[in-house]
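Trainee: I have not seen this structure before. Please walk me through how its parts meet.

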Amino acid sequence: MNILKAKFKIHGGVHPKYRKELARDEETKRLPLPDILRISTTQHLGAPSKPVVKKGDYVKKYQLLAEAAGFISAPVHSPASGTIKDIVTGTGASGAPVTEIILETNNTSDAELTGVYPTDEWQKLSPETILNRIREAGVVGAGGAGFPTYVKLSPPPDKKIETLIINGAECEPYLTADYRLMLEHPECLIAGIQIICKVLNVTEAYIAIEDNKPEAIELLSKYLEDKKIENIKVSTLPTYYPQGAEKQQIYSITGREVPSGGLPADVGVLVENTGTTVAIYNAVIKDLPFIERTTTVSGYGIETPSNVIAPIGTPYQELIDFCGGAKDDVKKIISGGPMMGFAQATAETTTTKTTSGLLLLTAKEISQFESSPCISCGRCIAACPMNLMPAELSQFCEAEDFESAAANRVMDCMECGCCAFSCPAHRPLVQHFRTAKAFLRAQPKK
Amino acid sequence: MSEEQLYSVSSSPHVHSGASIHGIMRDVVIAMVPTFIAAIIFFGLNALILTATCVISCVFFEYLSRRIMKRNNTINDLSAVITGVLLAFNLPPTFPIWMAVVGSFVAIVIAKQLFGGLGYNPFNPALAGRLFLFLSFAFAMSGDWTPWSYINTENIVATTSATPLGMLQESTGSIAFLSNNSNIMNMFLGKVNGCIGEVSALALILGGLYLLWRKVITWHIPVAYIGTVAVFATILYMIDPSTNASPLFHLFSGGLMLGAIFMATDMVTSPTDRSGMLVFGIGCGLLTMIIRKWGAYPEGVSFSIFIMNATTPLINRVCKPRVFGVKGKA
Ligand code: SF4
Ligand code: SF4
């Protein structure tokens, strides 16, 4: 049997209304190429990439638009052929200003590079060549943070990776993009895993899936069995949020605790997201750069909840129109999931390599409350997967006593939102911690 | 380009469990219903009038003090209702109405709103009100119990109308009688003298189970508190059963159940982490038994919880969960 139950139970976590049924059974559709794409150079964590095209240039599909600007950075490629209309400053999903390359697409099959040296015999490629392809394809963590994948796949030599975990938990409510990938393209996912195994020279890999996705568990396990792949196993996790958080997932499966401030590599583990793994497959086997992704468009505010493949740089409005349009009572537009995603003021923001979801939420789905003083109920503490004391931390933050907040490990907060989700006083806990973390990060290191 | 539309923007998380202070307090009110019914069964109209007086005056003082201090109106969070009910539960059935109003004033205005209102009060308001009344009007608070017909059997001088703990301290009832099964059963049901809301252990436990089921409280404080009392009383009883009442007597007498289930579990004034709750409960239990055994007063529940309320900030500072990924103490 290649299905294992995760053995270790982490502290805390919550059970939000998952509402996955909205889009779960919608087969992935492809968005017709929009006329205008606005491609951000901040598709990833680290330095924004540097544009190598200028206004008026004609570009082909897959052509490099912006190159990596440093070690922690990633190149960006053109999702379509067309003309660069302009390079401007726009607003990213997080609200921060970003540089946007505006591309007027022409919908021809004019493409560059693709198929020049794809190989189905990737096993013959050296790990260096594979890593290089991943880097040049601009693959970044598609789960949300957007950490450049080739950096992640090059751990320091003293840190030996023994276990690979593919994060298919998709614990954020509503989101089903990874789930659809697992169901629709198991071959790409499994091949992607094998590629990572080869690069890292690891033999043991787990696909972590929450037990509310029995179809995916069954399908992948059967696929592995049919193909007689023994080093990859499916690990089922109990369903709760944030089962997909890296440190918590590692603990659930291996019982190892990533040290505070450390990396998974410190305990010999590497976690890769499902979408990223498929992007790795595309980069190495098809030699395609990361130019499009599946995004779940969902919520009670959208006419037809769907899973949509869209090129990066697609304005949210295009996705909304493609899914039948927004209903009248939409209160919030969220980029990402409802627990950690970013609320958008307009639907003009564009998709990036990390846009896992686009949610149109109505009043009955969202929380809009006045906050009141803490009643010390302790629910935030019981909910915190990092075992922090959010009630106390937020009091420090409110008093702007960031030093005490730091001493009580506010930096270990992953902003998962479990505390604020549980707080009967509706205190803006996560907001406090974000402020504190930003302040502390800006301080010179002692 | 589509028309510009502005949606509301705020920090994540964008969804919420639906828990609210009002909801929690509503559950506490519901949990107090069995005890309220028991109080009316055992003490009749007096219990009803006392409870109504305390609730109405607490809500009124809450409204008035917020108004005078130009703060938002908080009577809808129901916390003042709970304070009123709890205060009444802690009063003897013949307690003068005007004194109950004074107690409500102390509870809401002095012990709660002057500290900033719900969340900022270091002491449980009802408890503070009760202790104030206890120290100011000692006679009304403890001297004048309505004789409860069930208890005046052949073993006690017919004129006594004391509470079981009072009898224990005054040695007016024989230890053997106090600890015998039928007396314990009466105490469990509530057929004894005492404050209107403390007598029926059965009704209080029902309320406690409801609170546990609704996840309003966790088991930590009540179990640590009651467990400590049980262990302490068992040890005393094993040492000398002729001068010490049985453990069951201690569990069902006085305000222990009321205190452990409804007063010590007050979120604002008890520790937030579960380890701290255990320390808090054990502390309450030890103090209660020390006062009952060696103190000048027959009952120690209120003092114990009050003292432990004062230690809550300290407990919170010491009893913290071990942060994930941090070895040893955080
Ligand atoms: S947001 Fe931070 S403090 Fe709140 S539950 Fe998550 S990790 Fe804990
Ligand atoms: S959940 Fe909210 S009210 Fe309860 S202790 Fe935490 S911050 Fe305070």
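Trainee: How many salt bridges are counted between domain 1 of chain B and domain 2 of chain B?

Mentor: A salt bridge is a side-chain nitrogen of Lys or Arg within 4 Å of a carboxyl oxygen of Asp or Glu. Between domain 1 of chain B and domain 2 of chain B, the count is 1 salt bridge.

Mentor: Some ground rules. This is a predicted model: local features need pLDDT of at least 70, side-chain atom pairs count only at pLDDT 80 or more, and totals for chains, interfaces and linings use all residues. Residues are numbered from 1 along each chain as its sequence is written, chains are lettered from A and ligands numbered from 1 in the order in which they are written, and side-chain values use heavy atoms, leaving out hydrogens and water.

Trainee: Which residue forms a salt bridge with B:D27?

Mentor: The closest N and O atoms of the pair are 3.0 Å apart. The partner of B:D27 is B:R214.

Trainee: Where do the two domains of chain B lie?

Mentor: Their bounds come from an automatic or database domain assignment. The centres, taken over C-alpha atoms, are 21 Å apart. Domain 1 of chain B is 21-142 and domain 2 is 164-318.

Trainee: What area is buried between domain 1 of chain B and domain 2 of chain B?

Mentor: Buried area is the accessible area (1.4 Å probe) that two parts lose on being put together, summed over both. Carbon and sulfur atoms give 75% of it. The total is about 2,900 Å².

Trainee: Which residues of domain 1 of chain B lose the most area to domain 2 of chain B?

Mentor: Together they give 19% of what that side buries. They are B:D27, B:F123 and B:L127.
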